Amino acid sequence: MKELICIVCPKGCHLRVDEENGYKVTGNSCPKGADYGYKELTHPTRVITSTVKIHGGIHHRLPVKTSCDIPKDKIFDVVRLLDNVEVESPVHKGDIVIENILNTGANIIATRNM
């Protein structure tokens, strides 16, 4: 039995996930908590936020994020790849900086205008 704290909403339900009974989740106040508990033990994912270099902007770094969650085991590979990315201004919030990063299905998108 694994114990987790749900991060889907601010309530922070204390979940118990029974791995031996089909990953049955208890302690959740809503269905999202049950989904989170199951997914966290079977295929954990995260949304990545970071920055990339930008030339001609008001700052030297452009904030970016993944368009959807990616497998947790790819986080460091994505961040290492972003270290080498450089873009040119102007960039608009929502612009795709990298399409389908590491074949995850997620795009890297700008999170502000610059």
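The discussion below takes the assignments one by one.

Analyst: This is a predicted model, in which local features need pLDDT of at least 70 and side-chain atom pairs count only at pLDDT 80 or more, while totals for chains, interfaces and linings use all residues. Residues are numbered from 1 along each chain as its sequence is written, and side-chain values use heavy atoms, with hydrogens and water left out.

User: Why is Cys6 called buried?

Analyst: Buried means under 20% relative accessible area, exposed means over 50%, and partly exposed lies in between (1.4 Å probe, protein chains only). Cys6 has a relative accessible area of 8%, and is therefore buried. Cys6 is found in the loop between β1 (2-5) and β2; strands are DSSP runs of E with at least two residues, helices are runs of H or I with at least four, and both are numbered from the N terminus.

User: What is Cys6 in contact with, leaving aside its neighbours within four places in sequence?

Analyst: Contact means heavy atoms within 4.5 Å. With those neighbours left aside, Cys6 is in contact with Gly12, Cys13, Leu15, Gly33 and Tyr36. The C-alpha atoms of Cys6 and Gly27 are 9.5 Å apart in space, and the two residues are 21 residues apart in sequence.

User: What makes the pair of Tyr23 and Tyr38 edge-to-face?

Analyst: Rings of Phe, Tyr and Trp (its six-membered ring) pair if their centres lie within 6.5 Å; planes under 30 degrees apart count as stacked, over 60 as edge-to-face and the rest as tilted. The rings of Tyr23 and Tyr38 are 5.8 Å apart centre to centre, with 90 degrees between the planes, so they form an aromatic pair that is edge-to-face. By this rule the count comes to one aromatic pair. The pair links distant parts of the chain, 15 residues apart: Tyr23 is in the loop between β2 (14-18) and β3 (24-26), and Tyr38 is in helix α1.

User: How do you know which residues line the largest pocket?

Analyst: On a 1 Å grid over the protein atoms alone, a pocket is an open set of points where a 1.4 Å probe fits, with protein on both sides within 12 Å along at least five of seven lines; lining residues have an atom within 4 Å of a point. By that criterion the lining consists of Ile7, Asp35, Tyr36, Lys39, Glu40, His43, Pro44, Thr45, Arg46, Val47 and Asp69. The volume of this pocket is about 160 Å³, a volume being the space filled by probe spheres set on the points, which are joined across faces, edges and corners. At least two lining residues come from each of α1 (31-42) and β4 (45-46), and α1 gives the most, with four.

User: What can be said of Lys72 and its surroundings?

Analyst: Not counting residues up to four places away in sequence, Lys72 touches Glu40, Pro44, Thr45 and Arg46. Lys72 lies in the loop between β7 (70-71) and α2, and its relative accessible area of 38% makes it partly exposed.

User: What makes a set of residues a nonpolar core?

Analyst: The set must hold buried Ala, Val, Leu, Ile, Met, Phe, Trp, Tyr and Cys residues joined through side-chain atoms within 4.5 Å. The largest such core has 18 residues, and those with the most contacts inside it are Val52, Leu62, Leu82, Val87 and Ile108. β5 (49-55), β6 (61-66), α2 (75-82) and β10 (108-110) each supply at least two residues of this core, with α2 giving the most, three. A second, separate core of seven residues includes Leu4, Cys13, Leu15 and Val25.

User: Which peptide bond is cis?

Analyst: The bond from Ser89 to Pro90 is cis, with omega near 5 degrees. Pro90 is in the loop between β8 (86-88) and β9 (96-98).
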